[in-house]
Amino acid sequence: MDRSLTNSNNLKNRAKKVVPHLTGTFSRAAPSYVEGVFPVYAQSAKGSHFIDVDGNEYIDYLMALGPITLGYNYEPVNQAIISQLKEGILFSLPHPIEVKLSEKICEVIPYADMAKFEKSGSNAVTAAVRAARAFTKRDKIAYCGSGGVWHDWQAAMVSRDGGVPKFNSELIKIFDYNDVDGLEQIFEDNKNEIAAVVLEPTMYEQPQNDFLDKVRKIATQNDSLLVLDEIVTGFRFDIAGAQKYFNIKGDLVCFGKGMGNGLPISCITGPSEFMKTFDELWVSSTNNSENLSLAGTYAVIKEMEEKNTISHCWDIGKKLFYGWNKTVEKFGLDAKMYGYPIRMHMQCFDSTKKESLSMKSLILQEMIKKGIFMSVLGGTFICFSHSEKDIENTLTALESACEFVTKNVKNENYGDFLEGLMPKSIWSMKIFPTKKNF
Ligand SMILES: Cc1ncc(COP(=O)(O)O)c(C=O)c1O
């Protein structure tokens with residue numbers, strides 16, 4: 001495919017003058033990709049494909065950073081939005097759709113008695129943390145892994161923490177996924193001070209040795225709340241989310257991304273005992289009850305229920321996951337997919353077993369030239385619109401990328417074949433995980 005990126009590059013040059021970091025979402029900006037080879041602006045999308053501003057078409061696996069669980073420009077959701085649009089976007093009073101969607105969420109999500117809508121995943125998690133602090137009358141929070149990096153706006157645990165008061169970092173304790181000892185140490189060091197344990201049920205890891213069960217128990221024993229960040233796992237691992245998939249119970253559970261198939265919506269759910277805390281908190285925003293997102297999300301959930309879309313995602317995801325790993329193995333490249341078939345990411349290792357971003361960038365550079373868009377720094381997501389044909393085309397492109405790499409790269413000089421810039425990581429941790437003091 002002979003691709004032009006002229007329009008993308010022109011827009012990028014205009015944006016440099018008027019948009020901080022080129023766009024409102026760090027991970028969407030050009031430096032997150034192999035800049036110069038990846039497109040910078042998308043014009044339109046349908047199903048699992050998008051077209052960039054130069055008319056090039058791609059099979060997408062980043063799915064707008066995860067939200068697209070059904071597919072782009074998805075007809076039944078479009079119809080629901082259009083029909084709501086005819087009634088109105090936002091009123092001085094709430095619209096019945098807020099009640100209807102809350103009831104639907106309480107029906108689908110385990111232990112949910114109530115649902116409070118927000119506009120983004122970060123807002124939902126920030127609000128849940130605030131409610132946990134108010135409920136327990138404690139200030140400190142135990143966060144798992146890098147969760148909280150982007151999930152809680154008030155947390156000062158990563159670079160780019162300017163503007164967050166310094167005392168905030170004293171309130172944040174971190175433990176590693178699967179490290180129960182680390183979490184126990186946090187509770188030992190901060191007796192009766194931890195308001196909540198905040199945990200993404202999984203990113204890519206498998207929970208080991210009843211990790212999730214033990215976290216639940218530790219939170220309960222210490223009268224702390226368990227806040228589950230299901231922004232990515234929700235409406236993806238199962239329609240009932242990771243609580244069902246892993247058989248774990250959260251006290252406040254946050255959803256976003258996948259529930260709205262791209263609409264700006266998120267929510268916090270849980271037993272009314274905890275959710276009623278919001279009655280007393282100033283967690284309120286003009287657009288939280290915006291009707292288009294509420295109506296569209298209702299249609300998303302109905303579609304998931306009626307078509308069992310999530311099981312299709314698992315099936316098709318397995319074809320990509322296992323097909324990918326078979327292909328890279330055939331070429332002797334340490335470039336496997338890790339994680340879950342509906343949420344995976346490729347990791348490349350050099351001969352010293354060190355993670356190699358240049359190898360990953362090169363493989364994905366060769367794939368983008370063949371019309372396959374995969375994120376270098378982020379995840380690979382499957383939606384209901386990905387087809388067997390998409391997977392076949394992707395594996396064919398992978399085969400030729402592997403051929404290119406094995407034929408040309410000598411002494412692991414992957415970087416020499418990059419036709420653009422190496423992707424730049426957008427953050428680094430500033431607070432490190434607590435370990436057990438033996
Ligand atoms: C696990 C998790 N929680 C929360 C968020 C924040 O969601 P949002 O970008 O909608 O604010 C993200 C974003 O990627 C996420 O991956």
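Helices here are DSSP runs of H or I with at least four residues, numbered from the N terminus. The model is predicted.

**View 1. Helix 7 and its buried side.**
Just after helix 7, D223 takes a positive phi of about 55°. The helix itself covers residues 211-221. Its buried residues are F211, L212, V215, R216, I218 and A219. They span an arc of only 165° around the axis, which places them on the same side of helix 7. An α-helix has 3.6 residues a turn, so residues three or four places apart point the same way.

Helix 3 has 13 residues. At 1.5 Å a residue it should span 18 Å, and its end C-alpha atoms are 19 Å apart, which agrees. I97, L101, S102, K104, I105 and V108 are buried in this helix. Their arc around the axis is only 160°, so they sit on the same side of helix 3. The face turned away from that buried side carries P96, V99, E103 and E107, which are exposed. The packing partners of the buried residues are helix 2, strand 4 (114-118), strand 10 (266-270) and helix 10 (291-307). A network of salt bridges links K104, E107 and E305. Within it, K104 is one of the buried residues of helix 3, whereas E107 is exposed.

**View 2. A nonpolar patch on the surface.**
L85, I89 and L90 form this patch. Together they have about 240 Å² of accessible area. I89 lies in the loop between helix 2 (75-87) and helix 3 (96-108). Its relative accessibility is 41%, so I89 counts as partly exposed.

**View 3. T269 in strand 10.**
T269 lies in strand 10. Its relative accessibility is 0%, so T269 counts as buried. What does T269 contact, leaving aside neighbours within four places in sequence? The list runs I105, I109, A112, M114, A115, D251, L252, V253, F255 and M275.

**View 4. I363 in helix 12.**
I363 belongs to helix 12 (residues 357-368). With 0% relative accessibility, I363 counts as buried. Residues up to four places away in sequence aside, I363 touches A335, M346, C348, L398, A401 and V405. H386 gives a distance reference. I363 and H386 are 23 residues apart in sequence, and their C-alpha atoms are 21 Å apart in space.

**View 5. The salt bridge of E193 and K140.**
Side chains of opposite charge can pair when their charged atoms come close. A search of the whole structure finds 21 salt bridges. In this view, the side chains of E193 and K140 meet at 3.2 Å, N to O. E193 lies in the loop between helix 6 and strand 7 and K140 in strand 5, so the pair ties together parts 53 residues apart in sequence. K140 counts as buried, at 16%.

**View 6. The salt bridge of D161 and K430.**
The side chains of D161 and K430 meet in a salt bridge of 3.1 Å, N to O. The pair links distant parts of the chain, 269 residues apart. D161 is in the loop between strand 5 and helix 5 (167-170). K430 is in the segment after helix 13 (388-408). D161 counts as buried, at 13% relative accessibility. K430 counts as partly exposed, at 45%.

**View 7. The salt bridge of D179 and K435.**
D179 forms a salt bridge with K435, and the closest N and O atoms are 3.5 Å apart. D179 lies in the loop between strand 6 and helix 6 and K435 in the segment after helix 13, so the bridge ties together parts 256 residues apart in sequence. D179 counts as buried, with 15% relative accessibility. K435 is partly exposed, with a relative accessible area of 43%.

Technical notes:
Residues are numbered from 1 along each chain as its sequence is written. This is a predicted model: local features need pLDDT of at least 70, side-chain atom pairs count only at pLDDT 80 or more; totals for chains, interfaces and linings use all residues. Side-chain values use heavy atoms; hydrogens and water are left out. Buried means under 20% relative accessible area, exposed over 50%, partly exposed in between (1.4 Å probe, protein chains only). Helices (H or I, at least four residues) and strands (E, at least two) are DSSP runs, numbered from the N terminus. The arc is that of the directions from the helix axis to the C-beta atoms. Patches are made of residues with over 30% relative accessible area and no salt bridge: like charges are joined within 9 Å, nonpolar side chains (Val, Leu, Ile, Met, Phe, Trp, Tyr) within 5 Å. Accessible areas come from the Shrake-Rupley method with a 1.4 Å probe; for residues, only the protein chains shown count as cover. A salt bridge is a side-chain nitrogen of Lys or Arg within 4 Å of a carboxyl oxygen of Asp or Glu. The expected span of a helix is 1.5 Å times one less than its number of residues. Contact means heavy atoms within 4.5 Å.
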